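Biologist: Could we go through this structure together? I would like to start with the terms and then turn to particular places.

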Amino acid sequence: MRNSTLAAVLVVATTPAFAQNWELGAGAGAGIYSSNQITAGGQTATAGIEKAIAVSAYVGQNLYRNWAGEVRYTWQPGRLRLETGSGRATFDAHSHAIHYDVLYQFRTQEDTLRPFFAVGGGAKYFQGTGDEVVFQPLSQFGYLTRTAEWQPMLSIGGGVKYRLSRRLILRAEMRDYVTPFPKKVIAPALGASSGGLLHDFLVFGTLSVLF
Amino acid sequence: MKAARSMGFAPARIVVLTLLALGVAAAPFGRVVPIGGQAADLALDEARGVLYVANFTANRIDVVSLANAAITSSMNVLPQPYSVALSPDRRWLLVTHFGNFAAPQAPRNSLTLIDLNSAARQTFALSSAPLGAAFGIDGLALIVTESEFLLFDPVSGGVQTIGTIAQFAANTLPRPAGEFPASVVAVATGVSGDGRWIYCLAENYRFRYDVVGRQMVVLGYTAEPPMGPRVVSVNQDGTSYTGGWGLFDRQGIILSQFPNVSGLLQVGSHAIDSTRGLIYVHIPEGTGLNSTNLPPPVLRIVSSKNLALRETLQLPENLTGRSLLDASASTMYSISDSGVMFLPVGALANERRVSADREDLVLRSNSCSLSQLRGQIRVVDLSGAATAFYLSSGNGIRFSQSAGVTPATVDVIVDPSVAAPNPGTTVVEISITAPQSVRIPQAVRLVVNRREPDQRGTTVNVPGRLVDLIADPVRDRFYILRQDLNQVLVFDGSTHQLIRVLDTANTPTQMAITFDRRHLLVGHDNAQIAMVYDLDTFDAELPIRFPGGHYPRSIAASGRAILAAARVAGPEHKIDRVEMATRSASVYPSLGVWENKVDINTVLAASTNGASILIAQADGNVMLYNSTPDAFVISRRDSQRLSGAYASSNFEQFAIGNTILNSSLVPVHRFTGAQVSAGLAFSGENSFRLSPPGTMERLESTLATRPTRVAENPVEGNESFAFSRSLAVLANRQNFVLLTRSGFTVLPWTYDAATVPPRISRIGNAADGQPSLAPGSLVSLFGTDLSPISLSSSEMPISTALGESCLTVNGFAVPVFFVSPTRINAQLPFSLEGTATFVLRTPGGVSDSFAMTLRPTAPGVFQIPVPDADLTTPAVYNARNSGLATGSNPVKKGDHIVVFLTGLGRTSPEVEAGAPAPSDPLALTLIDPQISLGGTELPVLYAGLSPGTAGVYQINAQIPRHVPAGLLIPLEIQQGGSRVSVNVRVID
């Protein structure tokens, strides 16, 4: 079984380069969120999402010599958190991000190493999945909620493509998913102030196929 | 259930009432042997196994077999055999014939001497009527005639006159129909068990004959009522005897006498059982009795020492003359209405005798408690037999079984209404009826104490009739007189434990301690002696003998004289002076310049420094004896009548009833209040007053302090005694002791220390604290000093008594489930309407009234405290996860919610306040509430009391899809014009 799969990959990798405008890839990585401050009653708590793995898949198209565009989906199971110096509350959650990036790629498609920048936009779906508790710690600052919300998302990043073969590319890249703070999932308490943007710094390693 | 209970109760009550109506309190004890005539006397011949009965009217001596209780033969003798006497050697039976016929008939007075060995008979004519005869140990018979005392030798037939009687006149025959022999002849004789002493009781005379010394002593007497029954019973060694209603010593002093006697000569009897120290006695009690209105006959078994009652047995008929005990004291033989009665007193242990296991059943509760009180009594048959019994009592008292068979443990259930109108202690009798029992069971005294929070003191149960109280001035003790059992009860002043019981003579009335603090003296109403006890050893010493006919009811010891106020069997009652050295008393010829003539209700009170003795008389007279001149120095009468408490101080102050008197006995202060004092005491310059229905006052410089209520009422007065002493200051000056209804109450010295009464500052519903209340609402009272302790109760139904706080609304105690110094939670009755007036009672006092106006509905959503935060959240529950709807557990569209509230008003069906709400059927609100969320009306699925809770309602509703989401969405409940709103978080 393993031999037949390898044979299939090699067949794809050795096909002619003329029609290699599309790139399909998938990978995994990890993300670190930025923290936001929630202030209530003169006290401050840190709110956000815990660092977590991320898996991502994308499909891209080389539009021009150096430009490409790709649609990307990322799933990230990060727990919501509220934290002060003396207390901490968490709540299971995950997010789904889908966005379209425009990539500027240096060098040519035939080069082995090809750096690129990416910028794009999309939306991110935050969903609290934990078990609700009546009295969550630090609820004077906010509530970690079993609900979901969409937020617009800006995606900025870059990376490098390493051509393993004619059709097989290994990518190392990073992204910053920038969204408004998800105030439904992490709902500030009455009288608590919060806001700002939420950055989600992601690093991926992916493998893609040109076709 | 209630119906079944009442059905079970009614027949038992009917049985009891029927039995009582028939006069059947118990089974008769004793076997009657009719003789077909009127028995006048009897003699016991155990050796021959027979009893000789003088059949006065049938002119014969009936011989009754002891074995089968039947007449075996009769000896016809001369007419009117009145007395029979058996010689010590059992050879001779001497019969006297009372034939004292008046002209025109000729007297037929004579003697018959029967030789029981040969059946030979001799008759002797007498010139005067023979009244009685008795053999002494010397074999000679003492014959009492109407004019002389004769010694008759049965062997020789010789007669010797040893004395004559002047002014003694016997009745003559014939007599009016219906008279019995005892009242015809009116003379009785008795011989001591050792045959050495013969006593005789006649009209106005008593005789004592010393058989060995052959000396006759004649004592005159007067008695009112007459000295009946005309029977003499002597103990084994002749040191005491009962004659009529008196227990005499050899010198003729009344050691004790039976109380409340009728004086009937021909009804009653007694016999001394020297072996057991008992007297078996039947004397009808009551005044104005005659043969037509006699009470059911009973045999009382009393102590031969002081006539203290041990038990009472039902008799089949009246005893009417002499009673004799056999040598083993196993059977008593008595003359009775029908002839002779056999009473197996020695086998009483085998007779059915039903009794309760206690004299008192004490149930204590808070006056605020509306719950039933429960206690237990055990009904047993002392013989161990299974015997039927019935219980009955007053209204509001039920039994787990009002009829049963011994042994049985019976629950006594007391409805709160029994004591409700009378805060303090209520006493009710539980009567026991046992038709198969020869013993008449003594009723159990049910003592129900429902004290209010501000009633002070610790009560100690002491059964019986308690009539006097004094504190030992130098020992940490106090003494209580228990009159019904003739006892001095000695209690430790610190532990309040009974440490000694001292027997008194009959009907002790008052105590005194001698000035040297060594002796306790006890006066009596039914004894002509005062008991003397050594207070260090508790030994009873030689009593003080009073002049004949003097009953020392009150006694007091000054530094010089010991005085006694004596009830005198004569026209005037006297003050006597006691000489401790000779243990005697003598009557003062005068009280200084005043006549020695006092009211029968006179009490004496000595100051503890020995300076004076106050003499208080019920007719209003007061006198003062001063020990310095040893004289009566003051006599005044400033009122028509005096009664109640009395006391003397060491500072020349005196107190009687409600009046404080100065050193000249001039009233200087009058206590307010209609009720006369029950107790007065001085300590230093302070005076203390106990008055019904249970209030203590401390008087300093004649200014009354605020009255302090004590735990229970003072003992009830006795009609025969105008004065009482129910308050004592213990020598340690740490406690007061008060005689109260269930026994005594101990008050700390600082009983009236300043206390802070509760103050209600705010009242709101217990859900959200808003000042709007409805019938059935749970309420919170806020204020200060609302309770000395914090206490909560989850008991169902909710009790109206919690801790020491009692909350009433419009006068009715309401269920309370939480008390603390600053907050009390309670439930309002569902029946309440209009204005609700709240009053709170605590040990600190009574709050001012706090009035609130009730609305038909006043919903308030409960607030749940947020842990670790000074926050609350409304009691809105998310049915999806059964959790409280909070910011972290928000409700979602489509969820079901349950809102918990109070104040939704009346329900159908009605539920009693404090009771758990039913689940089947559910108690629905009479006025439907509307509930909306963010302006969107929610469908109400249920609105009513939450099953199993008291005063808690719930509204179940569903959240539609189209309600707005948000962190603070208003959830509004409207009901009958009332509205309440809370915020909940709603998410999509």
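Modeller: Strands (E, at least two residues) and helices (H or I, at least four) are DSSP runs, numbered from the N terminus. This is a predicted model, in which local features need pLDDT of at least 70, side-chain atom pairs count only at pLDDT 80 or more, and totals for chains, interfaces and linings use all residues. Residues are numbered from 1 along each chain as its sequence is written, while chains are lettered from A and ligands numbered from 1 in the order in which they are written.

Biologist: In strand 74 of chain B, which residue is the bridge partner of B:Ser792?

Modeller: The partner is B:Phe818. Strand 71 and strand 74 (residues 816-819) of chain B run antiparallel and are joined by two bridges.

Biologist: Which sheet do they belong to, and in what order do its strands lie?

Modeller: It is an open sheet of five strands in chain B, with the order 69-70-75-74-71 and antiparallel pairing. Strand 69 (759-765) and strand 71 (791-792) of chain B are the edge strands, each pairing on one side only.

Biologist: How many helices and strands does chain B have?

Modeller: Chain B has two helices and 93 strands. Its radius of gyration, taken over C-alpha atoms, is 38 Å, well over the 30 Å that the globule rule gives for 988 residues, so chain B is more spread out than a compact globule. That rule is 2.2 Å times the number of residues to the power 0.38. Along the principal axes, the C-alpha atoms of chain B fill a box of roughly 135 × 70 × 50 Å.

Biologist: What share of chain B counts as buried?

Modeller: Of its 988 residues, 49% count as buried. A residue is buried if 20 or more other C-beta atoms, placed from the backbone, lie within 10 Å of its own, exposed if 12 or fewer, and partly exposed in between.

Biologist: Which residues have the most contacts inside the largest nonpolar core?

Modeller: They are B:Leu42, B:Val340, B:Leu604, B:Tyr646 and B:Ala728, in a core of 213 residues. A nonpolar core is a set of buried Ala, Val, Leu, Ile, Met, Phe, Trp, Tyr and Cys residues joined through C-beta atoms within 7 Å. Beyond its neighbours within four places in sequence, B:Leu42 is in contact with residues including B:Leu51, B:Val84, B:Tyr333 and B:Val340. Contact requires C-beta atoms, placed from the backbone, within 7 Å. A second, separate core of 69 residues includes A:Val134, B:Leu802, B:Leu828 and B:Val891.

Biologist: Changing topic, how many residues of chain B are in contact with chain A?

Modeller: There are 15, in contact with 14 residues of chain A. Strand 83 (883-884) and strand 92 (966-975) of chain B each give two or more residues to that side.

Biologist: Where does B:Asp619 lie, and is it partly exposed or buried?

Modeller: B:Asp619 lies in the loop between strand 54 (612-617) and strand 55 (621-626) of chain B. It is partly exposed, because 15 other C-beta atoms lie within 10 Å.

Technical notes:
Two strands pair if DSSP finds at least two bridges between them. Two residues are in contact if their C-beta atoms, placed from the backbone, lie within 7 Å.
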